[in-house]
Amino acid sequence: MPQVTPLAILCQTANFIKSASQVDQCPADQGLEVAFAGRSNAGKSSALNTLTHARLARTSKTPGRTQLINFFGLDEQRRLVDLPGYGYAKVPLELKEHWKQHLDAYLTSRQSLVGVVLVMDIRHPLSPFDCMMLEWADRTGLPVHILLSKADKLSFGAAKGELLKVQNRIRREFGNRATVQLFSSPKRLGVEEAHAVLEEWLFPDAPQGSDEQP
Ligand SMILES: Nc1nc2c(ncn2[C@@H]2O[C@H](COP(=O)(O)OP(=O)(O)O)[C@@H](O)[C@H]2O)c(=O)[nH]1
Ligand SMILES: [Mg+2]
């Protein structure tokens with residue numbers, strides 16, 4: 001039976017707080033926040049919904065729809081954030097610049113941000129945007145956890161192979177600052193593994209892993 005963790009309990013009460021199109025509209029910068037980033041259509045919103053067992057974030061067949069930073073509350077002190085998708089060709093340049101500026105502003109100024117979940121379509125990992133995010137996080141010392149999403153689109157063997165490839169490259173370039181796992185929303189693959197990382201970030205004072213206790 002899956003372990004009942006504080007995060008699993010909080011996910012049952014996860015709720016939408018607000019959308020922000022710029023940093024000064026974000027909720028008060030206190031408590032702890034984990035942001036979900038990635039190219040549009042990578043599966044960010046689906047991952048957020050799967051991980052919270054809810055339909056919080058709007059998923060879309062039309063890439064580039066999410067232009068706002070969406071905040072979801074787990075409790076008074078903990079939030080998950082759906083960042084604007086990035087890199088969709090059909091979005092006008094002006095809007096792209098707007099996102100880029102506000103994404104930058106959010107990432108560099110947000111004190112409550114404790115980690116970034118970077119969602120990549122397993123069939124197109126490590127895009128220039130993904131690498132930019134990884135380099136930025138490396139500079140600022142923020143941990144990144146990569147979800148190789150849509151793992152159900154590949155055979156298990158091919159997915160494992162891709163995981164190893166990405167893991168090797170990440171280890172080489174970013175050491176243990178970034179971690180990688182397979183993920184699939186429809187198959188609910190990798191939910192517990194991702195929860196463990198979110199728990200570590202959002203409950204830093206809780207003992208990690210019950211078998212490590214005296
Ligand atoms: N097969 C499969 N499709 C997925 C998965 N995650 C997302 N999708 C689909 O990919 C499209 C984009 O997903 P969405 O979550 O809106 O991506 P976002 O733009 O990154 O927020 C939607 O049609 C989803 O149903 C997954 O793990 N497996
Ligand atoms: Mg989305």
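## Confidence of the model

The chain averages a pLDDT of 86, and 87% of the residues score at least 70, where pLDDT is the predictor's confidence in each residue, from 0 to 100. This is a predicted model, in which local features need pLDDT of at least 70 and side-chain atom pairs count only at pLDDT 80 or more, whereas totals for chains, interfaces and linings use all residues. Residues are numbered from 1 along each chain as its sequence is written, while chains are lettered from A and ligands numbered from 1 in the order in which they are written.

Within the chain, confidence is lowest in helix α3 (residues 93-109), with a mean of 77, and highest in β6, at 98; helices (H or I, at least four residues) and strands (E, at least two) are DSSP runs, numbered from the N terminus. Where pLDDT is low, the predicted coordinates should not be read in detail.

## The sheet

Seven strands form an open sheet with mixed pairing, in the order β1-β3-β4-β2-β5-β6-β7, two strands being paired if DSSP finds at least two bridges between them. Because β1 (15-20) and β7 (178-182) stand at the edges with a single partner strand each, one side of each is left without a neighbour in the sheet. Neighbouring strands are turned by 20 degrees against each other on average, direction ignored; the axes are lines fitted to C-alpha atoms, for helices over the stretch in contact, and angles run from 0 to 180 degrees between N-to-C directions.

## Strand β6 and its partners

Strand β6 (residues 144-149) runs parallel to β7 and is joined to it by 5 bridges, with Val144 facing Ala178 of β7 as its bridge partner. β5 and β6 also pair in the parallel sense, over 6 bridges, and here Leu118 has Ile146 of β6 as its bridge partner.

Both faces of β6 are covered, since Val144, Ile146 and Leu148 on one side and His145, Leu147 and Ser149 on the other are all buried (20 or more other C-beta atoms within 10 Å of the residue's own, with C-beta atoms placed from the backbone).

Of the 21 residues around ligand 1, Gly43, Lys44, Ser45, Ser46 and Thr59 come nearest, a residue being near if its C-beta atom, placed from the backbone, lies within 6 Å. Helix α2 (residues 44-52) gives the most to this shell, with 3 residues. By class, the shell has 3 nonpolar, 13 polar and 5 charged residues, where Ala, Val, Leu, Ile, Met, Phe, Trp, Tyr, Cys and Pro count as nonpolar, Asp, Glu, Lys and Arg as charged, and the others, Gly among them, as polar.

Note on methods: Buried ≥ 20, exposed ≤ 12 C-beta atoms within 10 Å, placed from the backbone.
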